[in-house]
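Colleague: Please take one part of this predicted model and go through it closely. I would like the charged pairs, with their surroundings.

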Amino acid sequence: MKKYFSLMAIFAAMAMTFIGCSKDDNDTDSTENRLNFTNKLTQNSISCTWEGYNMAKRKELGNWNDDGQKYAVMRFDRATKEDIQGTGLLLYFENNYKDTFLEGSEFTWYFADDMLRISYRHSGWSPQYAEYRTQELVINGDRFDGTWFEKTDFKYKFNYTKSAFSDWSKYIN
């Protein structure tokens, strides 16, 4: 009887291992998952521009409070359709008419620690990150929505649409 229960325990453990591995394989961070996300981010191209409002939120006493909004135009570039990292440019305007430029920065984007990360060249800007396989970043067709986290007490909620903005030469140094 003891042998029977030992064998049952071994089979149960093996079954749980196989079931756990197949589920984890779909949920883990992988080069394939990163490439799939990157293809959505760049619309299966080597470059894609998104634009919309960034709503800044600051955490104070445990609550997220509005900290202003800016209109953003953000371009993600990569060298080839197989790359899962690249460069880009973020421009901030006063409104969606893009008549008043506020500031901008070139950046690099890459995946690390299960996150899509952005490092800005602008000396005063902090890096941003977001979990790319959850609801922090969602791309559905021509819409890109989510939250970029800058620090534990600062984030940017955004709703972007695919953009045809092409006036980059005015803002690139």
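Modeller: Start with the burial scale: buried means under 20% relative accessible area, exposed means over 50%, and partly exposed lies in between. Aspartate 167 has 33% relative accessibility, so the label is partly exposed. Its salt-bridge partner is lysine 170, with the closest N and O atoms 3.4 Å apart. Lysine 170 is at 59% relative accessibility and counts as exposed.

Salt bridges that share partners also build a network, which joins Asp114, Glu131 and Arg133. The cut-off matters here: a side-chain nitrogen of Lys or Arg must lie within 4 Å of a carboxyl oxygen of Asp or Glu. Glutamate 131 is buried, at 9% relative accessibility. Arginine 133 is partly exposed, with a relative accessible area of 33%.

In general, side chains of opposite charge can pair when their charged atoms come close. By the distance rule, the model has 12 salt bridges.

Another of these bridges joins lysine 98 to glutamate 51, and the closest N and O atoms are 3.1 Å apart. This pair links distant parts of the chain, 47 residues apart. Lysine 98 sits in the loop between strand E3 (86–93) and E4. Glutamate 51 belongs to strand E1. How accessible are the two ends? Lysine 98 is partly exposed, with a relative accessible area of 23%. Glutamate 51 is buried, at 11%.

The loop between E3 and E4 also holds asparagine 95. Asparagine 95 has 18% relative accessibility, so it counts as buried. Leaving aside residues up to four places away in sequence, asparagine 95 touches Tyr53 and Tyr71.

Strand E1 (47–60) leads on to helix H2, as E1 is among the strands that the buried residues of H2 pack against. The others are E2 (63–77), E4 (101–112), E5 (115–120), E7 (137–140) and E8 (143–151). Which residues of H2 (residues 31–41) are buried? They are Arg34, Phe37, Thr38, Asn39 and Leu41. Just after H2, glutamine 43 takes a positive phi of about 55 degrees.

To recap the pairs: lysine 98 meets glutamate 51 at 3.1 Å. Aspartate 167 meets lysine 170 at 3.4 Å.

Conventions:
Residues are numbered from 1 along each chain as its sequence is written. This is a predicted model: local features need pLDDT of at least 70, side-chain atom pairs count only at pLDDT 80 or more; totals for chains, interfaces and linings use all residues. Side-chain values use heavy atoms; hydrogens and water are left out. Buried means under 20% relative accessible area, exposed over 50%, partly exposed in between (1.4 Å probe, protein chains only). Helices (H or I, at least four residues) and strands (E, at least two) are DSSP runs, numbered from the N terminus. Contact means heavy atoms within 4.5 Å.
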